[in-house]
Amino acid sequence: MPRNKEIIDRVAGLLTDEIDLEKITAAAEQILEAIGEDSNREGLKKTPERVAHAYQELLDGYRTDPIELLNEAVFHVSYDEMVIVRDIEYYSLCEHHMLPFIGRAHVAYLPNGKIIGLSKIPRIVDMFARRLQVQERMTRQIADLIDELLHPQGVAVVVEGLHLCSVMRGVKKHDARMTTSAMSGAFRNNMSTRQEFLDNISRGAAPLHF
Ligand SMILES: [Zn+2]
C-alpha cells in the first residue's frame, strides 16, 4: 500500500538512525557533576548508563516503524457505526522539562468504508506518546494519522494528562491536569455524534490519579 506509506511518513515521521546511548551517558554524567554529586559513589556509578537506556525506551516512538505498525491492519468493510476505544493509558515526556506527563486517551471515528484493527489504536497513541511532546500536538497527531489513513466521516480524540513538571515543581496545581481534544468531520459538525462520544467516554470514568 504505497499510498498509506506516503501518508504515514508525512504524519508520523520515522528516525532510522540509532539513538546515541554514549552521548546520553556522557551528558547524564555531566548533570551529576553539575549538581555537585559524586558520580563515582556506589549508587550513582551506573546511573548515567541507566538514564541512557531509560530514554531509549521512553522515547522509542521516534523509531517505531509506523508502516510495520499499521500497513497490514487497514481493512475495507461496510460498517458505519462509531468505533470508540477509551481509557488508553499513555506515558509521555513533556518537551519543555523532559518530565513525565501521563494519562488517558480516548479515540473514536465514524468509518467510511475503512477500519483499522482495534489493537492498533493504543499502539498509535503509544508511538506518539513515546516522544518529547506537548499534549496538544500529541492529540492532533493521533487524530491526523487516523484521519489520513482511513478518511473516516469523522475522528475524535480526547486526551487527559497529568503533568509532573507542574505537580512536582509546585506550579499552580490546577494547571497540572489538562484535557485536550481534536475533532473533525461529523464530530465537529454533528452535535449528536459529538455528544454520543462525550457521553461514552465520561461514563464511569475514574478521575486521573497516581
Ligand atoms: Zn513541562
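Visitor: Why does Met98 count as exposed?

Guide: The general idea is to count neighbours: a residue is buried if 20 or more other C-beta atoms lie within 10 Å of its own, exposed if 12 or fewer do, and partly exposed in between, with the C-beta atoms placed from the backbone. Met98 has 12 C-beta neighbours inside 10 Å, and therefore it counts as exposed. Please keep in mind that this is a predicted model, in which local features need pLDDT of at least 70 and side-chain atom pairs count only at pLDDT 80 or more, while totals for chains, interfaces and linings use all residues. Residues are numbered from 1 along each chain as its sequence is written.

Visitor: Where is the place of Met98 in the chain?

Guide: Met98 lies in the loop between E2 and E3; such labels stand for DSSP runs numbered from the N terminus, with helices (H or I) of at least four residues and strands (E) of at least two. E2 and E3 form a hairpin with 5 residues between them, and the phi of Met98, near 55°, is a positive value in a residue other than glycine.

Visitor: Which other residue has a positive phi although it is not a glycine?

Guide: His151 is such a residue, with a phi of about 40°, and you will find His151 in the loop between H6 and E6. His151 counts as partly exposed because it has 15 C-beta neighbours inside 10 Å.

Visitor: How many helices and strands does the chain have, and what share of its residues counts as buried?

Guide: The secondary structure comes to 9 helices and 7 strands, and 29% of the 210 residues of the chain count as buried.

Visitor: In what order do the strands of the open sheet stand?

Guide: Strands of a sheet pair through backbone hydrogen bonds, either parallel or antiparallel; here two strands are said to pair if DSSP finds at least two bridges between them. The open sheet in this model has 5 strands in the order E5-E2-E3-E6-E7, and its pairing is mixed. Strand E5 (132-133) and strand E7 (177-185) are the edge strands, each of which pairs on one side only. H5 packs on the sheet, where it touches E2, E3 and E5, and its direction makes about 20° with that of E2. H9 also packs on the sheet, touching E2, E3, E6 and E7, with a direction that makes about 65° with that of E2.

Visitor: In which sense do E3 and E6 pair, and over how many bridges?

Guide: E3 and E6 pair in the antiparallel sense over 10 bridges, and within this pairing His106 has Val158 of E6 as its bridge partner, while Phe101 stands opposite His163 in E6. E2 and E3 pair in the antiparallel sense over 9 bridges, with Val83 opposite Tyr109 in E3. E6 and E7 likewise pair in the antiparallel sense over 9 bridges; Ala156 has Met183 of E7 as its bridge partner, and Glu160 has Thr179 of E7.

Visitor: How many residues of E6 are buried, and how many of E3?

Guide: Both strands are mostly covered, for 9 of the 10 residues of E6 are buried, and 8 of the 11 residues of E3 are buried.

Visitor: Which residues touch the most other members of the largest nonpolar core?

Guide: In soluble globular proteins, nonpolar side chains tend to be buried together. A nonpolar core is a set of buried Ala, Val, Leu, Ile, Met, Phe, Trp, Tyr and Cys residues joined through C-beta atoms within 7 Å. The largest nonpolar core here has 32 residues, and those that touch the most other members are Ala105, Val125, Ile142, Ile146 and Val157. Among the elements that each supply at least two residues of this core are strand E2 (83-94), strand E3 (100-110), helix H6 (135-150) and strand E6 (154-163). H6 gives the most to this core, with 7 residues.

Visitor: With which residues is Ile146 in contact, leaving aside its neighbours within four places in sequence?

Guide: Two residues are in contact if their C-beta atoms, placed from the backbone, lie within 7 Å. By that rule, and with those neighbours left aside, Ile146 is in contact with Tyr109 and Val155. Among contacts in the chain between residues at least 6 apart in sequence, 74% join residues at least 24 apart.

Note on methods
Axes fitted to C-alpha atoms, helices over the stretch in contact; angles between N-to-C directions.
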